[in-house]
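Subject: Structure handover and findings

Dear colleague,

Please find below the structure that I am handing over to you. My findings follow directly after it, and I would be grateful if you would read them alongside the coordinates.

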Amino acid sequence: DLAFGVEGRLARRAYVRSGIRLNTLDDDGMDDFRRTAYSVGGSYAVRASVFVDGHYTTGGDRTGREWGIAARFVY
């Protein structure tokens, strides 16, 4: 796999990110679109040391779809 992503700050407490993941091996003759995954996500600083994160990933038949929400503490 090969992955690229970017992250940016929208506001003082809000961040966004996106990325793409590619399968670099052509072991089954499938087209690249079915093995490529795209993702978007973001973080919000509820307090200076508490963040809420979320993400959504989607792609072709072989990459599936997923989402997640998490809280993290920074110290």
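Does Thr-36 count as buried or exposed, and why? Please bear in mind that this is a predicted model. Thr-36 counts as buried because its relative accessibility is 5%, and the cut-off for a buried residue is under 20%. This residue lies in the loop between β2 (14-22) and β3.

The surroundings of Thr-36 are as follows. Leaving aside residues up to four places away in sequence, Thr-36 touches Ile-20, Arg-21 and Leu-22, together with Thr-58, Gly-59, Gly-60 and Thr-63. Leu-2 is 34 residues from Thr-36 along the chain, and the C-alpha atoms of the two are 9.8 Å apart.

The overall arrangement

The model contains an open sheet of five strands, ordered β1-β2-β3-β4-β5, with antiparallel pairing. At its edges are β1 (2-9) and β5, each of which pairs on one side only. From one strand to the next, the twist averages 15°.

The pairings, taken in sheet order

β1 and β2 run antiparallel and are joined by eight bridges. Arg-9 has Tyr-15 in β2 as its bridge partner.

β2 and β3 also run antiparallel, and eight bridges join them. Here Arg-21 stands opposite Ala-37 in β3. Arg-21 is also one of the residues that Thr-36 touches.

β3 (residues 37-47) and β4 (residues 50-59) pair in the antiparallel sense over ten bridges. The two strands form a hairpin, with two residues between them. Within this pairing, Val-40 has Tyr-56 in β4 as its bridge partner, and Gly-42 stands opposite Gly-54 in β4.

β4 and β5 (residues 66-73) pair in the antiparallel sense over eight bridges. Phe-51 has Arg-72 in β5 as its bridge partner. The hairpin of β4 and β5 has six residues between the strands, and Gly-64 in this hairpin takes a positive phi near 75°.

What is the accessibility class of Asp-53, and why? Asp-53, which is located in strand β4, counts as buried because its relative accessibility is 15%, against the cut-off of under 20%. The side chain of Asp-53 makes a polar contact of 2.6 Å with the side chain of Arg-72.

Yours sincerely

Conventions
Residues are numbered from 1 along each chain as its sequence is written. This is a predicted model: local features need pLDDT of at least 70, side-chain atom pairs count only at pLDDT 80 or more; totals for chains, interfaces and linings use all residues. Side-chain values use heavy atoms; hydrogens and water are left out. Two strands pair if DSSP finds at least two bridges between them. Helices (H or I, at least four residues) and strands (E, at least two) are DSSP runs, numbered from the N terminus. Buried means under 20% relative accessible area, exposed over 50%, partly exposed in between (1.4 Å probe, protein chains only). Contact means heavy atoms within 4.5 Å. Axes are lines fitted to C-alpha atoms, for helices over the stretch in contact, and angles run from 0 to 180 degrees between N-to-C directions. A polar contact is a pair of N or O atoms within 3.5 Å; within protein, one must be able to donate a hydrogen and the other to accept it, and residues adjacent in sequence count only if both atoms are side-chain atoms.
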